[in-house]
Amino acid sequence: MKDLFERIIKDKGPLGKWAKQAEGYYVFPKLEGPISNRMSFNGKELVTWSINDYLGLANHPDVIKADGEAAMEHGMAYPMGARMMSGHTKFHEQLEEECAEFVHKESAYLVNFGYQGMVSAIDALVTKRDVIVYDVDSHACIIDGVRLHHGKRYTFKHNDIESLEKNLIRATKIANETGGGILVISEGVFGMRGLQGKLKEIVALKEKYGFRLLVDDAHGFGTLGEGGRGAGVEQGVQDDIDVYFATFAKSMAGIGAFFAADKDIIQYLQYNMRSQMFAKSLPMAMVKGALKRLDMIRTMPELKAKLWENTNALQNGLKENGFDIGDTNSCVTPVYLKGDIPEAMAMVNDLRENYRVFCSIVVYPVIPKGLIILRLIPTAMHNLEDVDITLKAFSGMREKLEGGVYKRIAVAMMAKSE
Ligand SMILES: Cc1ncc(COP(=O)(O)O)c(C=O)c1O
């Protein structure tokens with residue numbers, strides 16, 4: 001018999017194998033200073049495009065005050081225990097009511113983390129008789145939730161309605177045999193490439209196929225739709241989303257998440273979602289902090305307006321300068337480039353050290369080999385000077401990439417680290 005750890009130590013995984021070259025810089029970097037459009041990295045101030053603080057609430061003095069006062073009053077422990085047992089308060093209920101009302105649903109239920117909540121909600125919503133049909137580019141939390149499913153599942157091509165319908169036909173056949181139902185899962189905004197899920201087109205198939213629709217709107221909440229009510233409102237189909245999900249980790253600049261749906265469905269989740277039944281409730285500082293943030297989103301429409309002013313300036317500027325930003329129709333701004341992983345590392349190093357721009361880099365295995373995505377997240381904190389600096393930096397960087405400069409640096413870097 002082999003020692004389990006023998007393999008783990010030898011094979012560090014597709015990303016882990018780059019740890020020696022990447023750790024502390026490309027992965028696990030330490031961004032310091034207050035969360036804003038400019039943060040400190042390795043002692044230098046950089047224009048920062050990798051914080052999902054869309055509305056600029058993370059470091060807003062009113063938010064810091066609300067968080068601080070709640071922590072002073074309750075500490076970080078209160079309430080203790082799971083919601084069902086001893087961790088329930090009127091403030092948790094109030095936040096749920098306000099979230100539900102905000103996204104035009106009857107009822108809502110809080111979860112401590114979006115990722116775990118989604119895994120657990122999928123697990124709770126289906127039995128082995130049911131069939132799941134989900135977008136192949138879904139976030140890991142959806143994929144991992146589907147992994148728990150004991151019944152059939154089909155993926156459809158990314159945002160491809162024809163492919164969805166083909167799979168619905170297969171799913172219908174199975175569900176008719178097992179006596180189960182169909183759950184379709186998509187996202188409000190796909191966070192890597194920035195495409196909104198084609199919710200309107202998906203909803204149009206509901207009558208024919210009789211499925212229920214779960215939408216992860218992590219990136220749409222706060223950024224899209226009237227008042228930031230999300231992708232469903234933006235596309236005019238919020239009522240047809242059966243289970244709506246948003247995390248507090250992005251526009252709400254906090255932690256936690258919620259599901260919103262009809263009362264019966266939320267009650268079912270309250271009594272069947274294992275991530276909440278068997279885990280401590282969301283701490284009060286998070287709950288009171290989230291109430292404050294939601295109030296600010298409701299009463300300060302200028303935050304979303306500023307976010308979109310910056311998004312438009314950045315996206316239009318990139319397009320005018322000949323960059324490929326794909327088909328994004330959200331704030332998520334991907335810049336598609338060609339190159340291998342070492343080249344991408346050299347490029348990002350140059351961007352940070354010489355151009356003073358910090359953005360996320362996405363490479364294989366998250367996207368196909370040979371493709372690099374530099375992913376920029378505009379926020380309400382950014383300004384037109386940040387956009388200008390970034391456009392100049394990207395133009396300089398592209399010239400070097402195309403001239404093979406990063407390839408040569410990468411070869412030297414790799415030789416040095418061997
Ligand atoms: C689409 C999507 N769903 C779910 C999550 C997970 O949310 P959380 O950070 O609250 O666990 C994220 C990332 O934060 C996300 O981008």
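**Exercise 1. State how the protein chain is divided into domains, and describe the side of domain 1 that touches domain 2.**

*Solution.* Step 1: the protein chain of this predicted model splits into domain 1 (4–54 + 301–417) and domain 2 (61–299), with bounds that come from an automatic or database domain assignment. The model being predicted, local features need pLDDT of at least 70 and side-chain atom pairs count only at pLDDT 80 or more, while totals for chains, interfaces and linings use all residues. Residues are numbered from 1 along each chain as its sequence is written.

Step 2: between the C-alpha centres of domain 1 and domain 2 there are 28 Å. Domain 1 brings 19 residues to the contact and domain 2 brings 17 residues; two residues are in contact if their C-beta atoms, placed from the backbone, lie within 7 Å.

Step 3: on the side of domain 1 that touches domain 2, two or more residues each come from helix 14 (301–320), strand 11 (333–338) and strand 14 (371–376). Helix 14 gives the most, with three residues. Helices (H or I, at least four residues) and strands (E, at least two) are DSSP runs, numbered from the N terminus.

**Exercise 2. Determine which residues of helix 6 are buried and what they pack against.**

*Solution.* Step 1: a residue is buried if 20 or more other C-beta atoms lie within 10 Å of its own, exposed if 12 or fewer, and partly exposed in between, with C-beta atoms placed from the backbone. In helix 6 (residues 140–147), Cys 141, Ile 142, Gly 145 and Val 146 are buried.

Step 2: these residues cover an arc of only 135° around the axis, so they are on the same side of helix 6. The arc is that of the directions from the helix axis to the C-beta atoms. Ala 140 and Arg 147, on the other side of helix 6, are exposed.

Step 3: the packing partners of the buried residues are helix 5 (114–125), strand 5 (131–135), strand 6 (153–156), strand 7 (182–187) and strand 8 (212–216).

**Exercise 3. Identify the residues that surround the ligand.**

*Solution.* Step 1: a residue is near a molecule if its C-beta atom, placed from the backbone, lies within 6 Å of it. The ligand is surrounded by 13 residues, the closest being Gly 114, Tyr 115, Ala 218, Thr 247 and Ala 249.

Step 2: helix 5 gives the most to this shell, with three residues.
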